[in-house]
Amino acid sequence: LDLIGKAVGWPLYRIFGGKAQDRVLVDYWMQRMGPEDSAATARRAAEQGFHGIKIKCKLEDDVTQRIHAMHEAAPNLRIVLDPKERFYSVQQALALARQIEAYDILFEDPIPKDDYEDYRRLKEGTSVLITLHLQNPQQVIKAVNMQAVDGINVAPSDWGFLDMAKIAEAAGLPVWQASNVDNGPFDVFRLHASAAA
């Protein structure tokens, strides 16, 4: 795609259909750590101008204390908890959600993704926003139809991102792209795709 863009003199977002937004917000990211280190990392993220922070965690961690410490250090950061399905069940995820509902929190993939009915039950049981990390348009359609989520993290490495973003937009759901430890060209691909969405 970059070679095509260079050949015709277009930025990548134009190949994707045109720029829909001039800015792409980017969240900070952190691994599993204790409350004190989490607070320091959240403070650093806020000082650098990030609007949100995504943290890896699991139910066995001291998530409540970690969230409290982060909120004290950077009260304007939205916090995305990504346990990679390690809040285990609707009941366990709800119990944790009720302890931290006062904060601006999202759960991403809090429980196993094999039952969207469980996701709908979780979504209906808490004010914490429930999101899923999905890989293809069919999964987005199913999550939307089942009213199972409040937002969608999409992660295809191709044009599917735009299709998934359009489906989410039609349902009134926010969408964002996942990233990994990627090289520069893939990060640029994601930024241009996000600008076109």
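This is a predicted model: local features need pLDDT of at least 70, side-chain atom pairs count only at pLDDT 80 or more; totals for chains, interfaces and linings use all residues.
1. Ala, Val, Leu, Ile, Met, Phe, Trp, Tyr, Cys and Pro count as nonpolar, Asp, Glu, Lys and Arg as charged, and the others, Gly among them, as polar.

2. Helix α9 gives the most, with 4 residues.

3. H192 deserves a separate look. Is H192 buried or exposed? H192 has a relative accessible area of 19%, so it is buried; the cut-off for buried is under 20%. Beyond its neighbours within four places in sequence, H192 is in contact with P11, L12, Y13 and F16.

4. Now the largest pocket. About 1,500 Å³ of space lies in it. The lining has 49 residues. Nearest the centre are L25, N153, W176, Q177 and A178. By class, the lining comprises 22 nonpolar, 11 polar and 16 charged residues.

5. Next, K54. This lysine lies in strand β2 (residues 52-56). Its relative accessibility is 15%, so K54 counts as buried. Leaving out residues up to four places away in sequence, K54 touches Y28, W29, M30, V80, D82, E108 and N153. N153 is also one of the residues nearest the centre of the largest pocket. A polar contact of 3.4 Å joins the side chains of K54 and D82.

6. Side chains of opposite charge can pair when their charged atoms come close. How many salt bridges does a search of the whole structure find? The search gives 10.

7. D82 takes part in a salt bridge with K54, at 3.4 Å from N to O. The two residues lie in distant parts of the chain: D82 in strand β3 (residues 78-82) and K54 in strand β2, 28 residues apart. Both D82 and K54 are buried.

8. D82 also meets K56 in a salt bridge, at 2.5 Å from N to O. Here D82 in strand β3 pairs with K56 in strand β2, 26 residues apart. K56 is buried, as is D82. Which residues do salt bridges with shared partners join into one network? They are K54, K56, D82 and E108.

9. R32 and D61 form another salt bridge, with the closest N and O atoms 2.7 Å apart. R32 lies in the loop between β1 (28-30) and α3 (35-47), and D61 in the loop between β2 and α4 (63-73), so the pair ties together parts that are 29 residues apart in sequence. R32 is partly exposed at 38% relative accessibility, whereas D61 is buried, with a relative accessible area of 19%.

10. Last, helix α8 (residues 160-170). Its buried residues are G160, F161, L162, M164, A165 and A168. What do these residues pack against? Their partners are β5 (129-134), α7 (137-145), β6 (151-154), β7 (175-177) and α9. G172 follows α8 and has a positive phi, near 75°.

Technical notes: Residues are numbered from 1 along each chain as its sequence is written. Side-chain values use heavy atoms; hydrogens and water are left out. On a 1 Å grid over the protein atoms alone, a cavity is a set of points where a 1.4 Å probe fits but cannot get out, and a pocket is an open set with protein on both sides within 12 Å along at least five of seven lines; lining residues have an atom within 4 Å of a point. Grid points are joined across faces, edges and corners, and a volume is the space filled by probe spheres set on the points. Buried means under 20% relative accessible area, exposed over 50%, partly exposed in between (1.4 Å probe, protein chains only). A polar contact is a pair of N or O atoms within 3.5 Å; within protein, one must be able to donate a hydrogen and the other to accept it, and residues adjacent in sequence count only if both atoms are side-chain atoms. Contact means heavy atoms within 4.5 Å. A salt bridge is a side-chain nitrogen of Lys or Arg within 4 Å of a carboxyl oxygen of Asp or Glu.
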